[in-house]
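Please look through the sequence and the 3D structure shown below before reading on. The report then takes a few sites in turn.

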Amino acid sequence: MSSNSSSECLSSPSDTPIPTSDVVKLYLVQAKLTAQDISELFSLAEKHNLRVSKSLNAGPNHDSTKLQLCPSSEDADIIITNVRMRKRLERHIDWNLAKEKAIVTPEWLRDSVQQRAILPCGDYAALRELKQNTVQNCPDSDDDTDGGGSCVSSLAQPDSEKLSEPTTKAHYTNRYACLRPCPLVCPNQGLVKQFGIIRRSRELEGKDTSALSYERTISVIKAYPHTLTASRLAEVSKLPGIGEKMLSKISEYVNYGKIRESQTIAASARFNSLSEFTTIYGIGAATARKLFDTFGLRTIADLEEHYARHEPPPQRFSDEEQARRITTPAPLLSIRAGLALREDLNEKIPRAEVDLMHDIVMGELEKLRQGCMSTIVGGYRRGKAESNDVDIVITHPTLTSGSDQVKGLGEALVNRLYERGFITHVMHLSGFHPPDALRTSHWDTLEKALTVFILPPDAGSPRRRIHRRLDLIFAAPEAYWTAITGWTGSKMFERDLRLWAKVECSMKFDSSGITRRRDSKRYFPRSEQEVFEILGLEWIDPTLRNADS
Ligand code: DCP
Ligand code: MG
């Protein structure tokens, strides 16, 4: 148990100080929990003012203990999870780290809060093989000699090189989204949804500055750890980027449970048509407006009829892009083909299928080149139960950057997957920035293949074979960890990571690397923790980088 209430975890500055000093830090593994469970557990853990006596037998004057949500598993005393198997837990928590913690089921939190006591963790051990460790590491045990230290000092892993202290700690009041831990589902998810409608509408109407200010407000609300009530509005008004206009909408939501503007937009025919049009790959907001305003189109059926007559000319690449791009016989996804695959591509991908796709891709890659490494990034890595696409970062320890080796590997893999029937189309083959309106903020120089993938007929799991979006990102080993950080997201987290690096560190961060501006010195992080360390940031677990709606 940590002996000081530290600012890194999600505590409120307005909380009254607890007379005694104990803090129990909790980390929630969101996998295998429903959005409702996550929301409930967050709000239970959020009841900081609930004083939990150290044991059931303690009298009213016994030391009290404060619960705090913690942004990273390393810093937590207790890890709450619904995962019951070692293999599955290891996808989220390093096994050696798990052995140093109490790993309990969500029932432990529910019962502890209900009984106002830190209940014995051993009774709630999530994994049988960790029961003994859970008993020993439970902060309820009297022989707990662990002074705890700060969240920061525990960052140093036993087998990793000593990391220096981050210069800035994570907290929901920070200006940069990359310093605000954001869960997948926050206590004010209803408000986030209403703001999301206004943001989307601004984006569809080409009002990018306004869209960005809603995006920023959403990311601040996502990080706010308390349920919003009228008495909290004064505190919320001091959060970064919350001006008068946003505050009045927040207070409208707090008072009436909805925002009138969001309701009006959601009911408007124009918003619904534009939203639907932009679900087609290759149709961005500007094209959607043109189709609506100039051609008078309203429905997908209208689009189908229109594109049966006017298929736009195929994408053209500049000479430089042409020289760099991965070449493949796989067909480019035309808008007409995108329309035909629309229902498939709009269907969400469950985690099990993401795993299956990853296994297939890596199985094929292994046959081409043994010893490749890969990480599934994007929403999956942030703990989303369902993804819109699958993003995989790939490297091999022997690849040299600056040569054609990375591109060659990408090309060989895409072509093999196409020949074997796994890839049906490609949308874009890298490098440099594509002429692709949908992904304009990915200004890195990594090799990418944005493709359509389909499982083989014998893969079993889905009822029918569904075309899925698959993004493959190829990096030399020195860019592997920045690629993982840059493609984990969320979008707002990435945007502020780049801004933080530029404004506060005079560095340039993107998925292909970190460069010091002054002398162009390049940094080659050997882990994601090192990426954060180089940028002077406190580590934030991927599952707490959900700064978008
Ligand atoms: N990304 C970014 N800027 C963008 C698009 C993406 O920084 N304009 C980064 C952050 C994203 C990651 O790349 O999290 C992957 O992009 P996706 O579009 O695949 O988004 P997600 O994986 O987050 O969600 P999903 O695929 O479920 O929609
Ligand atoms: Mg994705």
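## The annotated lysine

The UniProt record, an unreviewed entry, places the annotation "active site" on Lys249; such positions are given in the numbering used here, feature names are shortened, and annotations may be inferred rather than shown by experiment. This is a predicted model, in which local features need pLDDT of at least 70 and side-chain atom pairs count only at pLDDT 80 or more, while totals for chains, interfaces and linings use all residues. Residues are numbered from 1 along each chain as its sequence is written, chains are lettered from A and ligands numbered from 1 in the order in which they are written, and side-chain values use heavy atoms, with hydrogens and water left out.

Lys249 lies in helix H9, residues 244-256 (helices are DSSP runs of H or I with at least four residues, numbered from the N terminus). Lys249 is buried, with a relative accessible area of 11%, where buried means under 20%, exposed over 50% and partly exposed in between, for a 1.4 Å probe and protein chains only.

## The magnesium ion

Asp389 (OD) and Asp391 (OD) coordinate the magnesium ion (ligand 2) at 2.0 to 2.1 Å; donors are N, O and S atoms within 2.8 Å of the metal (3.2 Å for Na, K and Ca), and water is not among the atoms, so sites may look incomplete. Asp389 is buried at a relative accessible area of 16%, and Asp391 is buried at 7%.

## Gln529

Gln529 belongs to helix H22, residues 528-534, and is partly exposed, with a relative accessible area of 22%. The C-alpha atoms of Gln529 and Trp539 are separated by 6.4 Å, although these residues are 10 residues apart along the chain.

Key. Helix = DSSP H or I, 4+ residues; strand = E, 2+ residues; numbered from the N terminus.
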